[in-house]
Structure formats: C-alpha cells, structure tokens
Amino acid sequence: MNIEQLTLSEIQQSLRDKKFSSEELTSAYLARIKNFDASINSFITVTGELALAAAKQADALIAKGGNLPSLCGIPLAHKDIFCTEGVKTSCASKMLDNFTAPYNATVIEKLNAEHSVMLGKTNMDEFAMGSSNENSFYGACKNPWNLEHVPGGSSGGSAAAVAAGFAPAATGTDTGGSIRQPAAFCGLTGLKPTYGVVSRYGMVAYASSLDQGGVITKNAEDAAIFLNAIAGFDAKDSTSIEKADEDYTRLLTDSLKGKVIGLPEEYFSDQVDSQISKAIEDAKAVLEKQGVTFKSVNLKTTDMAISAYYIIAPSEASANLQRYDGVRYGYRCDNPKDLEDMYTRSRTEAFGEEVKRRILIGTYALSAGFYDAYYRKAQKIRRLIKEDFEHAFASCDFILAPTTPTPAFKIGEKTKDPVAMYLEDIFTISVNLAGLPALSLPCGLKGDLPIGMQLIGKPFSEAMLLQAAHQFQQATDWHKKMPSLAK
Amino acid sequence: MSVQIDEIRKVAKLAKLSIDESQVADVCDGFNQILTLVDKMQQCDTNNIKPLANPHDAKQRLRVDEVTATNERDKLMQVAPETENGLFLVPKVID
C-alpha cells in the first residue's frame, strides 16, 4: 500500500472493500510520520494511541456494514488551532503549551461523529499569525518539496503533512490566505469556504471577522468530501450562516462549458514570477478547451487590501488576545509580585515576537484618537473591496488568479522584514476581507517547487469552485505530483 | 504618521506587554514601517462609504434567553494555573 498516494475517495472505497483496515492504514501513517517528520516538523503532537483506538472502533463499524459515515476510519491531521478535548491545543504558542482543551471544536465534534481518526495536531504560525510557519514556538516547519524552503503559513504543518504523505488530508484555517498559500507552496488543493460556512466554535480566535476553517487535500474531489463533513450551521458560533446543508460534491462531474472566468488585471502584474504567469497561461489553455471563456475584470481596490488587513486583523487580534492574562488558563509567569506584574510578564514571556507586534499595532489602531483614522477607515476600504468583487461577478462566474506572487521562499529569507512577509499575501487577503470562498490548486512547478492558482467565487459558490478545480484536475496531473522524502 | 519611542512604551503598557529597553528602538522602527504600509489607506477616497464589519453585513443573531449551558466549573478550572474552592487565585490585589 503506497499510503502517500492515497486520496480520501480511494481510502473510502478501500475501507469499504476491506482492502485494508483503518487500523492498518492508521499504523502505516503513524510509522511514516515517525520515520520522516523529524526533518519536516509538521506535527506538534502525534496522538498515536488515540488514533489506533479510534481506528479499531471504526473497523468495528465497518465490519458491521450498513450505512457508514463518509469519513469513517479515515485518518486526518488537524491544525493545532482546533480545540481537541483531552489533547494539547497549543496554537503553536508558549502561551498554550500547557493547555489541554476541555472541549472539542465543532469541526472536531463533527469529524468524531463521522468516526474519522485524528493522527495528531499540526504545526502552524503562532496564533495563525504568519505566512511561513516560522513563527512557531515548536520551531519552523519545512517544505517537503525542498527542506530549505518554507511550507507557507499559517497552516504550514497541515500542508506539509499532506504533501509528505503523513495524512491524506488536514484541516486548516484561513484569515488572510493561511490555507491557500501553504496549499500552493506544497502542491495541494486548499479550500477556504465562505465566511460562516464552517463553525468557528472551538477554533482559537485570531481575527474573528476574517477567520474561517477549511481543508487541505490532494485534490478537489477530496476537498468536497471533506467540506461536506465539517460545514453547516452551528448555533454555538454567532456568525455561523443559517442555511440548509448542501452536498459540495454535487457539481463535480458537470462540464464547465459556457462558464465565464474573470481575470483581474490587478492580479496579473509584474510582481508575479514569470514562471507562475506562464503556468497560469497554460492552465487557461486547458480550461479554454473545456469550454470556458475569459473576461478581463477590475478589482481596483486591491492595492489597499494589505493596508486595510494590517489594521483590521491586528485590531481584532489585540482584542481577542486580551484573554491571555495568566488567570484562567495558559501560561503564568513565575512568582508574580502583583496582578499587573502577572499580566505583563505572563504575556511578555509567552507571546512570540510577531504576535506581540500585531497586538501593539492593534492596540494603537484602536486607541483613543486613532480609531477613525485606522480601524474605521480600514472597514470602509473593506466595503469597497467587497463591492469590487460584486461588480466583477456581475460579468463572470468566478475569478482566476495566482495564489502567490512567488513559489515557496527560503526559510529565513523574510523573517527580518515583516512588511516583505506581509506583502506575500497580496493575492489572498482581499478574499477574506470580502468573506468569499476561494480555492488554490496546483498548476505547475518551478524547479522542484509547486505553483498554485486560485479560483475565487461568489458567496456560497463552493460547489462551483470545486467543480472547476475537479474538471481541471481531470485534464492535468499537477495534483498527483509528490515530493520524494529522504530520512 | 509615525510614532516615537515614548508612544511605543505607552501602547505596550495598554497591551500589558513590556519591551526590553535594549529593543525598544528596533520595535519602534518596525512599528513605523508597518504604519507606513497601512498609511497608504489615506490615499483611498472613502467619503460616503459605510464601514463594513461583517463580510455579509450580517447582524448579531439573537437567541431565546433560556439556560443552555451546563455547569462545568470543575472541568473548566482544571486548566487554570492556580485555584482554590472553585475560585481562580491571583496575587493579592487589596491589602
């Protein structure tokens, strides 16, 4: 069994056909993690015993037969931002290094109800703040395609784990590109759903009006199957969307004939690596053969998106991260001399540099006298960005663009220059500000590093984005390419 | 806009963070670089534009005011750094 090649849909079938058991499969993934993850560092916690116990339970269900839940017996990895009862949930921070979640995130509850198997919790940028997975208390995660390069972030561990064949799929979260950018850097399919489609309950908060859970998989079909399991209204999340459940696989096999794809002029600039531009040109030719037409569109507020994001996200982060005070859970400094000292030293000792930087920016932007110039101004720009998309979608079904301006950069290349790091997210951030669904899928290689392209849709058009990605993947094999690992 | 070292100290105090004196100048520089990035917003004409807080312009969903949560005090307090008789312990606040 070549587990590193297996997709969710193949595993579903193989478990039902009894080609292998969930326990055998789970053991094989755990062995592969043990053999290879030391050089990649994609997991913070591996939950081997729990995984084997869950696999045995799933095997018992499979043996009984009957109607099985879709993901029954399938091993998965979870970003260490989702609370998992009884298992450390660190958010890659020293602040939560000692935190064992007392409850499950809704996403985890849903996956437990499916009898899927959790292999462990994956590495990430601390509190999801970063684009390279270098901001982790547990050390940087490496890109399995080339260990000198970053896997992207913040869901870098999830992407690296799937690319390395440690798990067939993983959960992630995306606040400014944190699913799509690592998916692009690691040659995977990553879906960020419409804001409110996946419950945020039990997902450690970074910027609440932007945060959205999603999936990182080997292909679009798997992303649709996985999304079916985790999406849906949740009364425990006040911004969860109240709408009927839908089957995200329903359009996969439909032809793309007649679809109009928008190409935003602002996303095809000189700053895009020439090989990425070429890969996207090739992808357009593939799609054209499938019957789509292209139309130029404008997203004229694009150049304001990063500026607005770096006010809105840090402002919300500074409010959300006030809860870490050393009183109720998380890190507390040794021998505090008074309450003020306890708050300040606990936070100063346990937050990493990037987290502190964003808390400072957010605190400043929200402080008396600056609110209108910063937060309110950024929210107005946010509306303009949303309106740009609405205008563009009046003349196209969805948008095609690069996911990133360059392939995965080198570890350490941008750590000294936060602004250069922030600019990495230029093509992904607007989507979060507008609350839209978007998907990254592989469309080429530059040397040994994958190239991703992004499909952006109207609110709640996940099924159509998955259809387009699936149809593209029927005609190409970029999504089947895998890195070779050395011990 | 750019800030001076004194302002950085004030913001850090508000955020309950302390900055080592040897690093405060670097933190201030980095902070100002980010302010330059975000100040680009001022070039954008946003007259008569309503701020957007929720991407769907959604209003807060309300629910019926009835008890739903179960009492899980002991379970939730297990992760606290220091507790006594169902209370969180902190350094003495009042003499």
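1. Let's start with chain B of this predicted model. Its helix α1, residues 5-14, has three buried residues: I8(B), V11(B) and A12(B). Around the helix axis they span an arc of only 100°, so they sit on the same side of α1(B).

2. What do the buried residues of α1(B) pack against? They have two partners, α11 of chain A and α2 (24-39) of chain B.

3. Now for the wider contact between the chains. On the chain A side 53 residues take part, and they touch 38 residues of chain B. Within chain A, the elements that each give two or more residues to this side are α9 (302-320), α10 (339-350), α11 (353-366), α12 (372-393) and α13 (418-423). The largest share is that of α12(A), with 11 residues. Sorted by class, the chain A side has 27 nonpolar, 14 polar and 12 charged residues.

4. The largest nonpolar core holds 170 residues, and L76(A), L119(A), A167(A) and A308(A) have the most contacts inside it. Helix α9(A) gives the most to this core, 10 residues. If you want to see one of these spots close up, pick A167(A): leaving aside its neighbours within four places in sequence, it is in contact with Y29(A), P75(A), L76(A), A77(A), L119(A), A161(A) and V162(A).

5. A few backbone details in chain A deserve a look. Most residues other than glycine have a negative phi, and most peptide bonds are trans. The bond from G153(A) to S154(A), however, is cis, with omega near 10°. You will find S154(A) in the loop between β3 (117-122) and α5 (156-163) of chain A.

6. Two residues of chain A other than glycine have a positive phi: A92(A), near 60°, and N335(A), about 45°. Is A92(A) buried or exposed? A92(A) counts as buried, because 35 C-beta neighbours lie inside 10 Å, and its loop runs between β2 (75-79) and α4 (106-113) of chain A. N335(A) has 8 such neighbours inside 10 Å and therefore counts as exposed. Its place is the loop between α9 and α10 of chain A.

Conventions
Residues are numbered from 1 along each chain as its sequence is written. Chains are lettered from A and ligands numbered from 1 in the order in which they are written. This is a predicted model: local features need pLDDT of at least 70, side-chain atom pairs count only at pLDDT 80 or more; totals for chains, interfaces and linings use all residues. Two residues are in contact if their C-beta atoms, placed from the backbone, lie within 7 Å. Helices (H or I, at least four residues) and strands (E, at least two) are DSSP runs, numbered from the N terminus. Ala, Val, Leu, Ile, Met, Phe, Trp, Tyr, Cys and Pro count as nonpolar, Asp, Glu, Lys and Arg as charged, and the others, Gly among them, as polar. A residue is buried if 20 or more other C-beta atoms lie within 10 Å of its own, exposed if 12 or fewer, and partly exposed in between; C-beta atoms are placed from the backbone. A nonpolar core is a set of buried Ala, Val, Leu, Ile, Met, Phe, Trp, Tyr and Cys residues joined through C-beta atoms within 7 Å. The arc is that of the directions from the helix axis to the C-beta atoms.
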